[in-house]
Amino acid sequence: CTGLKESKPILPIRAYEKMIVGNLYADYIGTQNCLAACHEHDKLKQFFDASTMGVQLKKESGMPLVDCESCHGPGSLAIKGLSRELVDENAKQGLKTPCDFKTLIDLKNLPATAQSLTCLKCHTANATFNLHNWNAGPHAVNEVSCFECHDIHAGPDLKVTPLASGKLCFSCHKSAQAQFALPSHHPLKEGRVFCVDCHSPHGGFADQGLLQDSVKETCVQCHPEKRGPFLYEHADVTEDCLNCHSPHGSVNSKLLNAREPFLCLQCHEGHRVNTAAGASISAEMARAFYTRCSDCHSTIHGSDVPSTSGLGRFSQ
Amino acid sequence: AADDGDPQQTVGAPAGLGLEDSAVSYETEGVFSVGYRWLSSEDSLKAAEYIYPHSSLTFGLDLLSCPLPYRYHVNAEFLSRHDFYSDAGFAYKDLILFRDILVGGHHNLDHFNYQYTGEPPGLTYTDRNVGEKYDIDFTSNLLSLRLKAPAFPFHTFLSHRHVEREGTIEQRFLLGDFDPTYKISQSRDIDWQSNAVKLGANSHVGPVELEYAYDQARFKPGHNNILYDSYPASVGFSRPADIYPHNVVPKTESSAHSIKLHSSYTGGLVAAATLSNLTQKNNYSLTESTTWKGAFDCSWIPDPAVGLFFKYRHKTVDMDTPDVVTLAGLSTALNYSVRQGISYDKDVFSLSTRYRPSRILALLASYEFSHLERQDEADWGLLPGQSNVHTINVTADVKPMDKVKVKASYEYKNYDKPAYNTTPDVSSKLRLTTTYTPAPWLNVYLQYILSLTERNSLRYLNSDPAVMLEAGDRDGRRDQFLASLATELSAKLLLTASWYYQRWDVDQDLTYGKWLMAGTGDLPYWDYGVPYSDESNSFALSLQYLPRKDITLVAGLTYTMIEGKCGYEDVVGGAPFSLSSFSALKASETGLALEIGKKLSKEWDLGIKSALDIYNDRAYDALDGKVFTTTLNVKRYF
């Protein structure tokens, strides 16, 4: 059983392993001698206790145990020369007793990949499959570490709540936030759609860190009436909804990339604009043909009924 | 840490501070709020697209309770029975993890104007429900349950997503054909439901980790999924007058199997592979499709300075379209042949490298090749059998000073045989981003993105004579600029301001159909270099002020201006209209928000929040409207 649950790297990543192993001259001292012992950490302890990681400090949690030194490295050098009496004495005088934190792993200043490795050491052993595409995913390639999104000292389960995900994502993806300010937008700022409804920050099959394997599979989660397959498909245009829609926001209604009829005329020849006698069609006929194509072609995402012509013109 | 042993038992425990393990105690904590929201609106609800336009009682609950080994959390917000959010979770040790996220939203929809004069009997507009307000309620519930075996990483999991849309929408359609043309608008009640279930398990199998999952999704379009109407006879297409179905929303279902396999995430070399098979079926037309998907990811970091990342994606879509469809009218049954949908194979290879010679500089370069091969494309007349895309991207991430970060990236794409006119032959994209933090209380962010596209030999399909034209060109340019400033003017005053500008310009040669003589078509008219543009400016200002310890004030102002133009020419000459006037766009949207919170005691808060949204449709006035909401809220901490 032990052999089965081990997840051994194909090739150890030695340079980063060295960064996160900690001070080789230090010994492990246990959580009670760091977190619980120091008044400076009182607030930190409260946050930590409320988190999954904090819960994992306690046997009562029934979870695999994690302690401060799992991430920060062995701490004996940090408290060298300190004693309970000294800490209490300083506290009476209103002084905090600093530990020599420089002997711990400098997590904040580690390269992003090493920071993530700190987390991945346990999460690979726990078969965490939402990280399946992490290593070649856009965040890992661009050196965005786990720390950027997960505050391991706070929050139940360390999961980013859907409501909080927007604020978190927009701290880097500011132009996406600006697009949601356009008049046509998904209700993200209203708190009824979330970044994580469409995107997986851990990477995935598709580009843009989409939650599902393609743009269409992502969109039809909430727009299932457009899933198909249909008898009359709009060729393979509808495989990628982004051909016509800007999901973050648009100046045009229905998140369209362009206003009708220009949207359609980009690829399709328009209806006839002259009469059989060669004169221009009337203003009303022009309005009928060149205002909104979808007035008549109302099943543009796919249809199962032939049009009057007997072809799939998406008008029936 | 993955071991279940007590780490404190495993260490040498030298000179510690001698503390004993204390008893575990977690107090349940949270906040409950109750309030009332007053709402008033004028004219169009465009200004309140996602707001339920009636006053309502509101409440909220945030709760965290950890009577170990159990953990519970609830975050809930209820603005009305059409507008709510809830995130609730339960965990027992790390053996049972349950979470349910429920969201309900309201969407006010446009009622497109059909009050044109028309030209009866040749052209008739009919709005069967004049003045009707259209809206839908959207509900989504995502439930997930994960069960873990004790002391061994074996999980089984279940997730279920339920999506429901209910309400009344505007159904627009064409009744018949051109001669005569009946354009109809009517109300349509909808009651759509979708259920998607995923079941799976994962674990370690020797040196690798393996997951299997089964997905199933069903969409039920409710009772009103087929509309019927009395269609006039079409002489040109030999279709008799009858009552025919139209605008069918079909019942669909899909299922998928997927297998994932990866090595340890922690190595210098990490590999991950995915294989999945998806089948989809339309129960109305019996159209089916089968999709095979494969993925392989590999990352190799031989040294902290260098990283190599390889990705491969494969997709095979096999469409199975019935050859013949029968259109069943009330007294007529007509058979029509159907062309096959597009089946295709797509392969994408990408190789990325990262080189970080120092802490202040990182260079990234990537190349991607995409190959798409279509089947049955000949029947479609317009689509190439193959399309290839080559993409090169180079990025530099520089930190020249402690206070400045600069990121510059350039992407070049070359398309071989692009399928659609909106796909260019070549495109370039430049992105520049700068973050400047001169002081801890000041942050400036600037971003500029320029995208350029070029396309020659556009493809248009002319129906009579049936010929594909390859001529004309298209040039596009998109500019996006974002400037934002965040400043902490004092410990009590935070201010953020931003400006976002985007403009899209395209010049494209368009085609319009042409009659040669009565009943006989001609090659189309060309409208050369039609300019189209969309432009927007969005300004946002927000302020957070703490005038006293017990008072919080938050104010926000947003203002967005949008404008769109297009310049179709009168290609016939002497036309009594301007095509461009039918799709003009000019509008502005203003949002004002003010929130004041007063702490009454350690347990009680009182708050009032007001918001005013104004939409000004400067092109047609049809969407002009105002919405004002005020919410009074009482909070109790416990």
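Residues are numbered from 1 along each chain as its sequence is written, and chains are lettered from A and ligands numbered from 1 in the order in which they are written. Because the model is predicted, local features need pLDDT of at least 70 and side-chain atom pairs count only at pLDDT 80 or more, whereas totals for chains, interfaces and linings use all residues; side-chain values use heavy atoms, with hydrogens and water left out.

The contact (heavy atoms within 4.5 Å) involves 161 residues from chain A and 213 residues from chain B. About 15700 Å² is buried between the two chains, with carbon and sulfur atoms giving 59%, where buried area is the accessible area (1.4 Å probe) that two parts lose on being put together, summed over both. In chain A, the residues that lose the most area to chain B are F129(A), R192(A) and E269(A), which together account for 5% of what that side buries. R192(A) also forms a salt bridge with D83(B), at 2.6 Å from N to O, and 11 salt bridges are found across the interface of chain A and chain B, each defined by a side-chain nitrogen of Lys or Arg within 4 Å of a carboxyl oxygen of Asp or Glu.

In chain B, T630(B) lies in strand β31 (residues 625-637) and is buried, at 14% relative accessible area; buried means under 20%, exposed over 50%, and partly exposed in between (1.4 Å probe, protein chains only). The side chains of T630(B) and S610(B) are joined by a polar contact of 3.2 Å.

No disulfide, that is, a pair of cysteine sulfur atoms within 2.5 Å, is found over all chains. The sulfur of C198(A) is too far for a bond, because the closest cysteine sulfur, in C219(A), is 6.7 Å away.

Definitions and conventions
Helices (H or I, at least four residues) and strands (E, at least two) are DSSP runs, numbered from the N terminus. A polar contact is a pair of N or O atoms within 3.5 Å; within protein, one must be able to donate a hydrogen and the other to accept it, and residues adjacent in sequence count only if both atoms are side-chain atoms.
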